[in-house]
Amino acid sequence: MSGTVNDGRDIGREMYDLAGKIFPICRSITGNGVRETFRILDEYIAEDGIRFNIVEVPSGTKVLDWTVPKEWAIRAAYIEDEGGNRIIDMNDNNLHVLGYSIPVDKWVTLDELKECVYTQPDQPDVIPYVTSYYKERYGFCMSQRQLDSLPEGKYHLYIDSSLFDGSLTYAEAVIPGETDEELMITSYSCHPSMANDECSGMVVVPALIRYVQSMKNRRYTYRFLLNPETIGALTYLSFNMDHLKAKLKAGVVFSCVGDDRDYSIIHTRYGNTLADRSLTSVIRGREHYSEYTFRDRGSDERQYNAPGIDLPVVSFCRTKHDVFPEYHTSADNMDMISPEGLYGTYEVMVQWIQCMEANGKYKITVLGEPQLGKRGLYPTVAQKTNYDGIMVMRDIIAYADGTNDLFDLSAITGVPPYEMLPIIKSLTENGLMTAEEMVNI
Ligand code: ZN
């Protein structure tokens with residue numbers, strides 16, 4: 001698959017390079033790592049004349065059943081031996097420090113050291129990603145193999161960090177359309193150096209912002225949101241839930257969208273919203289795809305689908321987070337993702353946007369089968385190897401009874417919705433079909 005689209009930019013490569021820039025930054029649910037990341041992403045979208053709105057929400061703010069925590073600042077973290085050798089240092093890999101660690105500066109025995117070191121025993125060569133946001137403690141992470149190799153002796157635990165009344169930072173960009181009905185695309189910004197979970201989502205979002213900004217016509221208003229997972233979504237919902245409940249037609253959460261193994265959807269609670277039908281319809285056109293129920297949830301779809309919130313928001317992953325063994329470890333590095341993997345996500349989302357924009361309940365305008373030949377419709381139909389274009393057109397006409405939208409027609413014909421768009425366009429341009437805009441779905 002090429003990473004190039006029509007204006008000559010290699011968007012797959014752009015997104016990969018952008019991921020490379022934000023990968024080393026030590027992010028958490030709050031703090032300057034997040035702000036620096038947003039600054040870099042903002043620079044990228046500014047090339048198309050659009051900017052993020054960066055919002056700071058003070059520590060202590062009540063957000064639904066939660067409270068915005070103190071801000072975390074981390075300046076140094078290492079363990080050294082009696083000879084002054086650094087056993088681990090967060091400058092080498094920021095996963096070495098337990099996220100939200102409080103400060104420590106003391107000498108301990110090997111047994112005492114083991115009490116505050118986290119490893120992944122079933123994957124002895126990786127550093128695990130571990131956090132403790134809501135209980136104050138300090139800790140370090142290292143590979144099981146490294147821990148096993150440490151000799152008896154004294155070790156110096158050192159973390160220079162602080163927890164203080166600061167703020168939680170999120171970034172949003174809203175691009176207005178002809179209507180105030182909204183589509184939302186969101187991902188999270190709180191993980192330190194891991195590429196698929198999460199740099200991938202944070203770079204596809206700005207690439208899509210640039211795509212939407214470049215669209216000539218937009219029926220929908222587009223809301224893009226990057227926030228710390230869980231607490232950020234809860235914070236956003238606590239301020240914007242009523243608006244989203246009134247305006248949001250469909251939303252997608254990105255989680256692990258940079259590998260090239262699979263295309264996956266995690267459905268809403270009951271799997272019956274426009275978001276479910278539309279994204280499933282688009283990924284069904286891919287060679288590999290997987291569907292998961294809401295019971296397999298893992299990211300911010302948990303908040304958007306909670307009882308009483310009930311927003312039409314699905315999650316989209318390439319390989320679902322807990323299916324790939326590198327998940328939440330140091331092995332989720334820049335080799336986990338690729339320009340092709342990121343571009344696959346981008347392409348699916350562009351197809352989704354194009355289908356959503358064109359969607360309607362289609363109705364044929366004549367009684368009986370229309371005479372296609374006299375309207376010159378046969379030659380305009382592209383022949384595909386896997387289906388007969390004329391038959392697809394006839395099937396669309398046969399089921400265009402005013403009850404089916406693009407995604408219903410895709411399910412009936414087995415043809416990806418984006419491949420039906422040119423046929424639908426020529427039928428509507430010829431006056432053979434009308435498309436009623438969808439209301440209240
Ligand atoms: Zn994660």
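In helix α10, the buried residues are Gly-389, Ile-390, Val-392, Met-393, Ile-396 and Ile-397. These residues lie on the same side of α10, because the arc they cover around the axis is only 160 degrees. The model is predicted. The chain is divided into domain 1 (11-68 + 167-357), domain 2 (77-164) and domain 3 (360-436).

**Helix α10**
- The cover over the buried residues of α10 includes β17, α11, α12 and β18 (433-436).

**Helix α11**
- Helix α11 spans residues 406-413, and Leu-406, Phe-407, Leu-409, Ser-410 and Thr-413 are its buried residues.
- Their arc around the axis is only 155 degrees, so they are on the same side of α11.
- The elements that cover the buried residues of α11 include α7 (274-283), α9 (339-358), β17 (361-364), α10 (389-399) and α12 (417-429).
- At the N-terminal end, α11 is capped by Asp-405, which has a side-chain oxygen 3.0 Å from the backbone nitrogen of Phe-407.
- After α11 comes Gly-414, with a positive phi near 75 degrees.

**Zinc site**
- Which protein atoms are donors of the zinc ion? They are NE2 of His-191, OD of Asp-197 and NE2 of His-328, and they lie 2.1 Å from the ion.
- Along the chain, the donors have the spacing H-x5-D-x130-H.
- Asp-197 and His-328 link distant parts of the chain, 131 residues apart: Asp-197 sits in helix α5 (residues 195-214), and His-328 in the loop between β16 (313-317) and α9.
- Is Asp-197 buried or exposed? Asp-197 has a relative accessible area of 2%, and it counts as buried because that value is under 20%.

**Contact between domain 1 and domain 3**
- The C-alpha centres of domain 1 and domain 3 are 33 Å apart.
- Ten residues from domain 1 and nine residues from domain 3 take part in the contact.
- About 850 Å² is buried between domain 1 and domain 3, and carbon and sulfur atoms give 61% of this area.
- On the domain 1 side, the residues that lose the most area to domain 3 are Arg-277, Ser-281 and Cys-355, which together give 54% of what that side buries.

How values were computed. Residues numbered from 1 in each chain as written. Predicted model: local features only at pLDDT ≥ 70, side-chain atom pairs only at ≥ 80, totals over all residues. Heavy atoms only, no water. Buried < 20%, exposed > 50% of the residue type's maximum accessible area, 1.4 Å probe, protein only. Helix = DSSP H or I, 4+ residues; strand = E, 2+ residues; numbered from the N terminus. Arc of directions from axis to C-beta. Contact = heavy atoms within 4.5 Å. Polar contact = N/O pair within 3.5 Å; in protein donor to acceptor, adjacent residues only side chain to side chain. Donors = N, O, S within 2.8 Å, 3.2 Å for Na, K, Ca; no water. Domains from an automatic or database assignment. Buried area = accessible area lost by both parts, 1.4 Å probe.
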